[in-house]
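Hello,

Please have it open while you read.

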Amino acid sequence: VVHYTLIGRPFYMALAAVAMASSFMVSYSRARAESLIPLCKVGFMERPERLVLLILGGAFNRMAQALWVVATISTVTVIHRVVYTWQELRAGRSLPDASATQTF
């Protein structure tokens, strides 16, 4: 984000910010889901995949494309986790103490 801001590329600055926010949300959505259901290992864009993509993007001078992939697939992963958690809760597969805190 800082790099694209300093070189005057506001679109790529926003893209980097979206990729960063969606990356945080992947981890947060799993942690939040696992406070309600036993396990939430759905979706594709986990930390190792994001790291490999960013390393490859930097190594081959394709950072913009890597940021697009991270932003898009991370957002899809977050949506998938939210829907999966909702389906698990509707099916009654929640943690024993999660019934009192189902505000997800």
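Arg-81 and Glu-46 form a salt bridge, with their closest N and O atoms 2.2 Å apart; the term stands for a side-chain nitrogen of Lys or Arg within 4 Å of a carboxyl oxygen of Asp or Glu. Arg-81 lies in helix 4 (residues 63-90) and Glu-46 in the loop between helix 2 and helix 3, so this pair ties together parts that are 35 residues apart in sequence. Helices here are DSSP runs of H or I with at least four residues, numbered from the N terminus. Arg-81 counts as buried because its relative accessibility is 1%, whereas Glu-46 is partly exposed at 23%. For these words, buried means under 20% relative accessible area, exposed means over 50%, and partly exposed is in between, with a 1.4 Å probe and protein chains only.

Before going on, a word on the model. It is a predicted one, in which local features need pLDDT of at least 70 and side-chain atom pairs count only at pLDDT 80 or more, while totals for chains, interfaces and linings use all residues. Residues are numbered from 1 along each chain as its sequence is written, and side-chain values use heavy atoms, leaving out hydrogens and water.

Back to the charged side chains. Glu-46 also meets Arg-30 in a salt bridge, at 3.7 Å from N to O. Since Glu-46 is in the loop between helix 2 (10-33) and helix 3 (47-59) and Arg-30 is in helix 2, this contact links parts that are 16 residues apart in sequence. Arg-30 in turn has a salt bridge with Glu-34, at 3.1 Å from N to O. Arg-30 is partly exposed, with a relative accessible area of 21%, and Glu-34 is partly exposed too, at 26%. Through shared partners, Arg-30, Glu-34, Glu-46 and Arg-81 are joined into one network of salt bridges. The count of salt bridges comes to four.

Next, the aromatic rings. How many aromatic pairs does a search of the whole structure find? It finds three, where rings of Phe, Tyr and Trp (its six-membered ring) pair if their centres lie within 6.5 Å, and planes under 30 degrees apart count as stacked, over 60 as edge-to-face and the rest as tilted. One of them is the tilted pair of Tyr-4 and Tyr-12, 5.6 Å centre to centre with 35° between the planes. Tyr-4 is buried at 13% relative accessibility, and Tyr-12 is partly exposed at 22%. Phe-11 and Trp-68 make another tilted pair, because their ring centres are 5.9 Å apart and their planes stand at 40°. With Phe-11 in helix 2 and Trp-68 in helix 4, that pair ties together parts that are 57 residues apart in sequence. Phe-11 is exposed, at 52% relative accessible area, and Trp-68 is partly exposed, at 44%. Tyr-4, Phe-11, Tyr-12 and Trp-68 form one aromatic cluster.

One backbone detail is worth a look as well. Asn-61, in the loop between helix 3 and helix 4, has a phi near 55°, a positive value in a residue other than glycine. Asn-61 counts as exposed, with 65% relative accessibility.

Happy browsing, and do write back with any questions!

Technical notes: Helix = DSSP H or I, 4+ residues; strand = E, 2+ residues; numbered from the N terminus.
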